[in-house]
Amino acid sequence: MSKSVNELGPMILNVKGVWKSFEDKDVLKGIDLEVYRGQIVALIGSSGSGKSTLLRSVNLLEEISDGQILLNDVDIADPRINQDEVRRQIGLVFQAYNLFAHLSILENITLALRHVQGLEAEEAKTKALALLDRIGLLEKANEYPDKLSGGQQQRTAIMRAVALNPTLLLLDEVTSALDPELVSEVLELIRDLKASGTSILMATHELSFARDVADWVVFLDGGVIIEEGPAKDFFENPKMPRTIEFLQRLRRRAGEQ
Amino acid sequence: MSNSEARRFSPSEIELDRRAFRLARKRKSTLVAFISTLAFAVFAWFALVSSPGWPRVEQSFFNWETAVEAFPAVIDGLLLNLRVLFFSAIGVLVFGLTLALLRTLRSPIFTPIRLLARGYVDLFRGLPLIIVLYLVGFGIPGLRLEFLGRIPVEVLGTVALTLTYSAYVAEVFRAGIEAVHPSQRLAARSLGLTYGQTMKLVVLPQAFRKVAPPLMNDFVSLQKDVGLISVLGAVDAVRAAQIEVAQFANFTPYVVAGLLFVLLAIPTVRAADYVTNRLAKREQAGGVL
């Protein structure tokens, strides 16, 4: 990376030469990636480029075929490691929110606080209510997910992950399933999380958001990193032909809308 | 959109006309339903009463005095059925759920257990209940296990019912567990919940909701199958009726027992309908058709 090391915090995540194959199809072909504390790293690329697979691999929901994933210098891809323990340190938010349908908004957040972190019911509730207040959904605390808009559900899902104070937060296209007018409220929350020091690795299609908020942008195509760099440089001065083509294609589509 | 907002406008002429028409149509439907039901009942009644053997059938199946005489014994027997029902229902829930969970285990170390559970379900879904009753009811005492003492037949009946119904209920539970979308599991695991916690806190609560209607249906079925323990000699409602039948040389006690079983089933059937409807409403909100 071109940034000088002393202006960066400690390295949280270090992905080294990660390969992932399904049957005989290689989805990730030697990915190297670093996330430093407090940074937002944005993964961009078209569908099928491997963004989601990479995020799921980091959260150990996929088993990688080769390489290393170091979280605070510990190789979490090692099968001898306690996977539940690792997942406790990494939050993941899905494109389709995946809130628990049988639990209220409040209970969705308190579930892991109580059963993973072992907080008492009252303590978990207090903490969850504070988080709901932060995203303006306090009065919806006792509603069930199907009564909320997509944006509200997604913000709840993000808070459910943030509640556990994860070392690293993974966001997998969290705005892709939302109506355009609901996208901004979720992006606003991510901006807010960055301001409070959360380290985030996110797959996204929101180019302007990536330019404004991400520290580092990584362009994936066909399972390899084509180009990466500080957000401003990346968008203003892309070097690889495939990057230029991809950005033009997305911008043209955004222009049409 | 709140109700007060919806009420703020005053309906137009067109809407009032529509409402009047809908009301008239509803009244007409009710009237037609009433008349057709009445006509059918009258026809069925006359067809029955005018059949040549009716007086004798009435005498031997619907004799009021015999019914009154037999009633206390049959009710006594029914209490035994209720006890058997209570214990076998609990047994079926626990054992059926255990079987279902065993079948979802994926670790290779559990392969023999998984296969055993599967074999069990195959076997007991295929075996006729009455044969299981005979095998348990006469086979277990035949083992002469002295330390168990003399096991009452109703206990053996309860065991046989539990064995058979657990196989059905296990399949219902397993279907429910598999019907919970995999993304719910992923979300739970990504929060750091273990496999067991994910099952207990996320998958099973949703699975229970999904299988409530078929589960109630199996309960209704169990409710009347408890009458089969009479083949082992337990003096339940059916057996008591049989004794009364022999005493009065009249079949009315069977009808009494039958009606009592129906009365027992009605609340459960209604509850099952209610639960099913409520779930259906929740899952397909909106739409008039």
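Colleague: What does Lys16(A) stand opposite in β4(A)?
Modeller: Gln68(A). Keep in mind that this is a predicted model.
Colleague: How many bridges join β1 to β4 in chain A?
Modeller: Five. β1 covers residues 11–22 and β4 covers 66–71, and the two run antiparallel.
Colleague: And in what order do the strands of that open sheet come?
Modeller: β2-β1-β4-β5 in chain A, with antiparallel pairing. β2 (25–36) and β5 (74–75) are the edge strands, each pairing on one side only.
Colleague: Which strands does helix α1 of chain A lie across?
Modeller: β1, β2 and β4. The helix, residues 51–58, runs at about 65° to β2(A).
Colleague: How many of the eight residues of α1(A) are buried?
Modeller: Six, so the helix is mostly covered. Among them are Leu54(A), Leu55(A) and Val58(A). Lys51(A) is buried too.
Colleague: What follows α1(A)?
Modeller: Leu60(A), with a positive phi near 65°.
Colleague: Switching to the interface. How much area do chains A and B bury between them?
Modeller: About 1800 Å², 58% of it on carbon and sulfur atoms. In chain A, Phe100(A), His102(A) and His115(A) lose the most area to chain B, together 31% of what that side buries.
Colleague: How many residues are in contact?
Modeller: 22 of chain A with 18 of chain B.
Colleague: What about salt bridges between the chains, how many?
Modeller: One. Arg189(B) meets Asp84(A) through their side chains, 3.2 Å from N to O.
Colleague: And how many residue pairs are in polar contact there?
Modeller: Seven, counting pairs with both residues at pLDDT 80 or more.

Technical notes
Residues numbered from 1 in each chain as written. Chains lettered and ligands numbered in written order. Predicted model: local features only at pLDDT ≥ 70, side-chain atom pairs only at ≥ 80, totals over all residues. Heavy atoms only, no water. Pairing = 2+ DSSP bridges. Helix = DSSP H or I, 4+ residues; strand = E, 2+ residues; numbered from the N terminus. Contact = heavy atoms within 4.5 Å. Axes fitted to C-alpha atoms, helices over the stretch in contact; angles between N-to-C directions. Buried < 20%, exposed > 50% of the residue type's maximum accessible area, 1.4 Å probe, protein only. Buried area = accessible area lost by both parts, 1.4 Å probe. Salt bridge = Lys/Arg side-chain N within 4 Å of Asp/Glu carboxyl O. Polar contact = N/O pair within 3.5 Å; in protein donor to acceptor, adjacent residues only side chain to side chain.
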